[in-house]
Amino acid sequence: PSILADYFANEPTLNTIYDSTEGDWSHNSSDYYMGMIQIGKAYSRKGARTAMVFAHPVDFGIGRMIESHCELEGYENELACFHTLEEAKYWLSLPGR
């Protein structure tokens, strides 16, 4: 949580890419991710777009779960999952909703 607070305190760009192509999200529990979603909601900003990039199918599936739950929780920003950085960068270059 303090990492998020520090990041958003500096008024970051509205476009963010989380590159998890070398990460492994499969070892965390669903409770961990649900907590992360609850904490992150306070930092949701209208007009912001967040792209998450995953190389492994299981991690991509977890990312899609997070994306769906963020939408259900009423996040103001757009969130989307991708398999490559190029796809994520292209999406971020498009006009938002």
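Predicted model: local features only at pLDDT ≥ 70, side-chain atom pairs only at ≥ 80, totals over all residues.
**Exercise 1. Now try Glu-67: is Glu-67 buried or exposed, and what does Glu-67 touch?**

*Solution.* 
Step 1: Glu-67 also belongs to helix H3.
Step 2: Its relative accessible area is 15%, so Glu-67 is buried.
Step 3: Leaving out residues up to four places away in sequence, Glu-67 touches Leu-79, Ala-80 and Cys-81.

**Exercise 2. In which sense do strands E1 and E2 pair, and what unit do they make with helix H2?**

*Solution.* 
Step 1: Start with the whole chain. There are four helices and three strands, and from the N terminus on the order is α-β-α-β-α-β-α.
Step 2: Zoom in on E1 (residues 15-19) and E2 (residues 49-53). These two strands pair in the parallel sense, with five bridges. Take Thr-16 as an example: its bridge partner in E2 is Thr-50.
Step 3: Together, E1, H2 and E2 make a β-α-β unit that is right-handed.

**Exercise 3. How many aromatic pairs are there, and how are the rings of Trp-25 and Tyr-33 arranged?**

*Solution.* 
Step 1: Count rings whose centres lie within 6.5 Å. The count comes to four aromatic pairs.
Step 2: Take Trp-25 and Tyr-33. Their ring centres are 5.6 Å apart and the planes are at 5 degrees, so this pair is stacked.
Step 3: Check burial. Trp-25 is buried because its relative accessible area is 16%, and Tyr-33 is buried because its value is 2%.
Step 4: Move on to Trp-25 and Phe-54. Here the centres are 5.1 Å apart and the planes are at 85 degrees, so the pair is edge-to-face.
Step 5: Ask where these two sit. Trp-25 is in the loop between E1 and H2, while Phe-54 is in the loop between E2 and H3, so the pair ties together parts 29 residues apart in sequence. Both Trp-25 and Phe-54 are buried.
Step 6: Trp-25, Tyr-32, Tyr-33 and Phe-54 form one aromatic cluster.

**Exercise 4. Which residues of helix H4 are buried, and why do they line one face of the helix?**

*Solution.* 
Step 1: List the buried residues of H4 (residues 85-93). They are Ala-88, Trp-91 and Leu-92.
Step 2: Look down the axis of H4. The buried residues fall within an arc of 100 degrees, so they line one face.
Step 3: Check the other side. There, Glu-86, Lys-89, Tyr-90 and Ser-93 are exposed.
Step 4: Find what the buried residues of H4 pack against: E1, E2 and strand E3 (78-82).
Step 5: Finish with Trp-91. The charged end of Arg-49 sits over the ring of Trp-91, 4.1 Å from the ring centre.

Terms used:
Residues numbered from 1 in each chain as written. Heavy atoms only, no water. Pairing = 2+ DSSP bridges. Right-handed = clockwise from strand over helix to strand, strands pointing away. Phe/Tyr/Trp six-rings, centres within 6.5 Å; stacked < 30°, edge-to-face > 60°. Buried < 20%, exposed > 50% of the residue type's maximum accessible area, 1.4 Å probe, protein only. Lys NZ or Arg CZ within 6 Å of the ring centre and 35° of its normal. Arc of directions from axis to C-beta. Contact = heavy atoms within 4.5 Å.
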